[in-house]
Amino acid sequence: MGKIDDNERIVLNVGGTRHETYRTTLKTLPGTRLALLADSDGQSLPDCDPRVNQYFFDRHPGVFAYVLNYYRTGKLHCPADVCGPLFEEELAFWGIDETDVEPCCWMTYRQHRDAEEALDIFETPDLLSGEPPDADDEEDLNRRLGIEECSLGATGKASRWKRWQPRIWALFEDPYSSRAARVRI
């Protein structure tokens, strides 16, 4: 193998962690922050420290390892130990499109957005305004949350669910409530 020119190497200090790679590696994703850094002479950039010949970025070093790996392999994986909004913010800083996240990590990456969408269900206009809800709005909210009251049937008897609910709950919550509950242990 041929010797690679020392000018081809580039040192990136991200959050105090030193990463070393090649300019050609950083050029694999054109239009991103690191590709632009690799294309420039570098000495005129504010992130460059000419005394130690490295670029410093005050960013999350753990996430950057995944970003740099994306430049090296072409596959963007999402760390499981980092929350989605932080990873999303880091991708935006480095100029990487979030749709490049690999399918195996997409659910992990999207989990925070799905949780936000689910929490939006709980935010009703009357909770925000402080006004008491109308009866229709309260019934709708209870139905969406799955806590609607089981009313008496047309014959005046309690619904089937109302009669069975305590037994089913006891089956799962109290292992000594019945023979079926003990089998579950």
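Modeller: Happy to, and keep in mind that this is a predicted model. Let's begin with helix α5, residues 103-120.

Biologist: Okay, how far does α5 reach from its first C-alpha to its last?

Modeller: α5 has 18 residues. At 1.5 Å a residue, 26 Å is expected. The model comes close to that, with a reach of 26 Å.

Biologist: And where does α5 bend?

Modeller: The helix does have a bend in it, of about 45°. The residue to look at is Gln111.

Biologist: Let's move to α4, then. Why do its buried residues line one face of the helix?

Modeller: In α4, the buried residues are Gly84, Phe87, Glu90, Leu91 and Trp94. Look down the helix axis and they fall within an arc, so they line one face. That arc is 130°.

Biologist: Which elements are included in what covers those α4 residues?

Modeller: Two strands are on the list, β1 (9-14) and β4 (54-57). The helices on it are α2 (33-39), α3 (61-73) and α5.

Biologist: Which residues touch the most other members of the largest nonpolar core?

Modeller: As a rule, in soluble globular proteins nonpolar side chains tend to be buried together. Here the largest nonpolar core has 27 residues. The ones touching the most other members are Leu12, Leu26 and Phe87.

Biologist: Which element supplies the largest share of this core?

Modeller: β1, α2, β4, α3, α4 and α5 each supply at least two of its residues. The largest share is 6 residues, and it comes from α3.

Biologist: Back to Leu26: which residues does it touch, leaving out those up to four places away in sequence?

Modeller: Among its contacts are Thr21, Ala35, Ala38 and Tyr71. Leu26 also touches Ile10, Leu12, Leu34, Leu37 and Leu68.

Biologist: How many bridges join β1 to β2?

Modeller: β2 covers residues 17-22 and runs antiparallel to β1. The two form a hairpin with 2 residues between them, and Gly15 in the turn has a positive phi of about 60°. Val14 stands opposite Thr17 in β2. As for the bridges joining β1 to β2, there are 6.

Biologist: Last one: at which residue does α8 bend?

Modeller: α8 is the helix at residues 160-173, and its end C-alpha atoms are 20 Å apart, in agreement with what its 14 residues should span. Its bend is about 25°, at Pro166.

How values were computed. Residues numbered from 1 in each chain as written. Predicted model: local features only at pLDDT ≥ 70, side-chain atom pairs only at ≥ 80, totals over all residues. Heavy atoms only, no water. Helix = DSSP H or I, 4+ residues; strand = E, 2+ residues; numbered from the N terminus. Expected span 1.5 Å × (residues − 1). Bend = angle between axes of the 7 residues up to and from the residue. Buried < 20%, exposed > 50% of the residue type's maximum accessible area, 1.4 Å probe, protein only. Arc of directions from axis to C-beta. Contact = heavy atoms within 4.5 Å. Core = buried A, V, L, I, M, F, W, Y, C linked by side-chain atoms within 4.5 Å. Pairing = 2+ DSSP bridges.
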